[in-house]
Amino acid sequence: MTCSVRHRVSLRDRVDQGMGTGAIRDGLHRLPNKRMQRGDILMPMRACPICGQDDRVRLPDPHVARSMLSDGRIWNGPLDKAACNSCGAVTHATILSAGDVQRFYDSDYDLGVDAGVSDVSRNLGYAAFVHEIVSQYDVRRILEIGCGSGHVLGYLARHLPQVHMDGIEAAEQLAANSPPGVQIRKAFLEELEFLDQGYDFAFCINVIEHAADPSEFLRALRGQLSASGTALIVCPAPSPPNLELLFRDHVSSFTPASLRALAIAAGFRVVAVLPALERFPGFQAFILTAASNGGGQAVVAENQAGAARAAEAAAYLSAWASLDRALCARMGDSVGVDLFGAGEMAALLRCYAPECWRRVDRLVVDSLAGARSLDKPMATFDDIGPSRKPIIVATHPQSQGAVAQRLFSLDLSPIVFNDMIKA
Ligand SMILES: [Zn+2]
């Protein structure tokens, strides 16, 4: 499945990277393990759906009543996530059913048919990465799950013309646009019939975190492989915790250990775990083989226990829970302020910092082409003059410093929050 946003970012671009840790205890004490009060309904959290251990801690909700989907839409309900102290995976406190997950992808879902410049460049990067790994194997048939419009498969088809390329994509509009040499079908992995011979190589990029049941997803993936087939899974990395935790449709945030355990339970042998991809900060990759005795030495670099991961996630979401108040304090009594950016971070502030958002009059962007309005008027720097009103820098935390320098040079008064939200 490919999800996307207007600024037309495909699913694999939804997620950004890295952060540090902060006031851990504050986060953990906000919601979990609250003492029962008269009138409370006893609703014990179910065991971790990833590892089965009964040791999950409720994470702070960045907003009490709403959350955001990875296509930028606001969901009417809190984020409702919990972290496992045993395996470190983050899942929903109330486990979602397949029907719950399907509702994220209704007809309103922005499919991102038009890929922007950054999407194209990101897709090319992933394509080169997949090509490097595929090249290590003797491959005749390749399957991509959640292939979108087939950008990665199209690249592979150009470089490996002798290999048969299939893609499946849940979104019909995307599945209709197969590039040359590639067959894309509208289908979910779990409902795909098995081939007699199977695929030698199957991969999915930023898809498994959306699966309602990742165990079932992995079993279905293994079922598509030939006897010695290889699978490559790319998904968001858990540490440092980052923006991907804020998306309600990210059903599972895997630690290397938790995904590894699921893969083994699904019948895979783990060939390699790449806990942090150098070229794609904030992402991790897993190479698995269907062969029980093949594939070489597993490499697992797990340097943090589950409880430490859970505490990091709690601190991160706690910082988001206090962001609205902090931003309003930084704005002072200013109203009608500007906000720089009209992308993912702007959408996150709209959802999780509503009081700050209410005081924003317009969104300032470098170019109106490809920007989404998020229900506010848009302006470019040509439209605005020097102003003493604050301008909130709504970009990824790691770029806020550079953007602020630029805004200072234009005689503007930027407000950043990369001291609170680091990734
Ligand atoms: Zn667990």
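1. Ground rules. Residue numbers start from 1 along each chain, as its sequence is written. This is a predicted model, where local features need pLDDT of at least 70 and side-chain atom pairs count only at pLDDT 80 or more, while totals for chains, interfaces and linings use all residues.

2. Overall make-up. The chain has 12 helices and 19 strands. Both are DSSP runs, numbered from the N terminus: helices are H or I with at least four residues, strands are E with at least two. The chain counts 423 residues, and 50% of them are buried. Buried means that 20 or more other C-beta atoms lie within 10 Å of the residue's own; 12 or fewer is exposed, in between is partly exposed, and C-beta atoms are placed from the backbone. Of the contacts between residues at least 6 apart in sequence, 73% join residues at least 24 apart. A contact needs C-beta atoms, placed from the backbone, within 7 Å.

3. The three-strand sheet. This open sheet runs E3-E6-E7 and is antiparallel. Strand E3 (56-58) and strand E7 (90-92) are the edges; each has a single partner strand, so one side of each lacks a neighbour in the sheet. Neighbouring strands here are turned by 35 degrees on average, direction ignored. Pairing requires at least two DSSP bridges between two strands. E3 and E6 (residues 81-84) have 3 bridges. Val 57 sits opposite Ala 83 of E6. Helix H8 (residues 306-321) lies across E3, E6 and E7, at about 155 degrees to E6. Axes are lines fitted to C-alpha atoms, for helices over the stretch in contact, and angles between N-to-C directions run from 0 to 180 degrees.

4. The five-strand sheet. Its order is E17-E16-E15-E18-E19, open, with parallel pairing. At the edges stand E17 (378-380) and E19 (413-415), each with a single partner strand, so one side of each has no neighbour in the sheet. From one strand to the next, the twist averages 35 degrees. E15 (residues 337-340) and E16 (residues 360-365) run parallel and are joined by 4 bridges. Val 337 has Val 360 of E16 as its bridge partner. Helix H12 (residues 397-409) packs on this sheet and touches E15, E18 (390-393) and E19; its direction makes about 155 degrees with that of E18.

5. Val 360 up close. Beyond its neighbours within four places in sequence, Val 360 contacts Val 337, Leu 339, Lys 376 and Ile 392. Ile 391 is 31 residues away in sequence, yet 8.8 Å away in space, C-alpha to C-alpha.

6. Helix H12. H12 has 13 residues and reaches 19 Å from first C-alpha to last, close to the expected 18 Å. That expected span is 1.5 Å times one less than the number of residues. Pro 397, Gln 400, Ala 404 and Leu 407 are its buried residues. Their cover includes E15, E18 and E19. Just after H12, Asp 411 has a positive phi of about 65 degrees.

7. Helices H6 and H7. The axes of H6 (residues 214-223) and H7 (residues 256-265) come within 9 Å and cross at roughly 50 degrees. The two are therefore oblique (under 35 degrees is roughly parallel, over 145 roughly antiparallel, 65 to 115 roughly perpendicular, the rest oblique). Pro 214, Ser 215 and Leu 218 of H6 meet Leu 262, Ala 263 and Ala 265 of H7.

Terms used
Contact = placed C-beta atoms within 7 Å.
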